[in-house]
Amino acid sequence: MTQEDQIPLLGHYVEDIVTGVKGTLNQLLYKLGGSIQGSIQPFSEDGKSMPDAWYTDLQCIRKAELPEGRVDVSGMVTPIDGTLASSNYPLGMSVIDSFTGVKCKIVNKGVHMNGCVHYLCVRSSTENGETKIAETWLGQHRLVPENAEPVAPTLVQPDPVPQQQSSLRPGGPSMKVPKM
């Protein structure tokens, strides 16, 4: 099964056939060692709290019947085209964080049902003879291949709001507060 074949599972109500955990499949996680995991977000029992997501191997996930009264969100998944799903950054690739200049290796890739793709990048450093490992999740937009010239990020400034000549101000009409 290719990565593009797995993406249609995102947003579906699924079950972990080993543990019985049920919920919405909200993320696929591709790992350097070759395993693929899915993140199952269970429904809240009380309607107020958000239970922790459950990660399990993809081969343990199957579609399940949506409980009565629950909303099917499988049609609300942001489409992810093949180039974004496959991405230009394969696992194991050395990349540079364009914001900080830090060099790291990609070890995991997460594809979310909202269309975001994030990478778990790991770097090591040696201080006083001790090797330290640091890891961080970075968005695809921040990464450049190690052998490419890093490009400084550009910030897009919003157009200035024109000054209004009426009693209206941004956010609504001018309100006079009654004196007490």
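Which residue in β7 is the bridge partner of S94? In this predicted model, that partner is K105. The pair belongs to the contact between strand β6, residues 94-97, and β7, which run antiparallel and are joined by 3 bridges. Between these two strands the hairpin has 5 residues, and G101 takes a positive phi near 80° there.

K105 also stands opposite V122 in β8. Strand β8 covers residues 117-127 and runs antiparallel to β7, with 6 bridges joining the two. The hairpin of β7 and β8 has 4 residues between the strands; in this hairpin G115 takes a positive phi near 95°.

Strand β7 has a further pairing, with strand β2, residues 22-31, in the antiparallel sense over 5 bridges. Here Q27 has H112 as its bridge partner in β7. Strand β7 itself, residues 103-112, is mostly covered, with 7 of its 10 residues buried.

The cysteines come next. The whole structure contains 0 disulfides. For C104, the nearest cysteine sulfur is that of C121, 3.6 Å away, and C104 is in no disulfide; a disulfide would require the two sulfur atoms to lie within 2.5 Å. C104 counts as buried because its relative accessibility is 7%, whereas C116 is partly exposed, with a relative accessible area of 33%.

Finally, the largest pocket holds about 180 Å³ of space. It is lined by 15 residues, of which T24, Q41, P42, F43 and V73 are the closest to its centre.

Methods. Residues are numbered from 1 along each chain as its sequence is written. This is a predicted model: local features need pLDDT of at least 70, side-chain atom pairs count only at pLDDT 80 or more; totals for chains, interfaces and linings use all residues. Side-chain values use heavy atoms; hydrogens and water are left out. On a 1 Å grid over the protein atoms alone, a cavity is a set of points where a 1.4 Å probe fits but cannot get out, and a pocket is an open set with protein on both sides within 12 Å along at least five of seven lines; lining residues have an atom within 4 Å of a point. Grid points are joined across faces, edges and corners, and a volume is the space filled by probe spheres set on the points. Buried means under 20% relative accessible area, exposed over 50%, partly exposed in between (1.4 Å probe, protein chains only). Two strands pair if DSSP finds at least two bridges between them.
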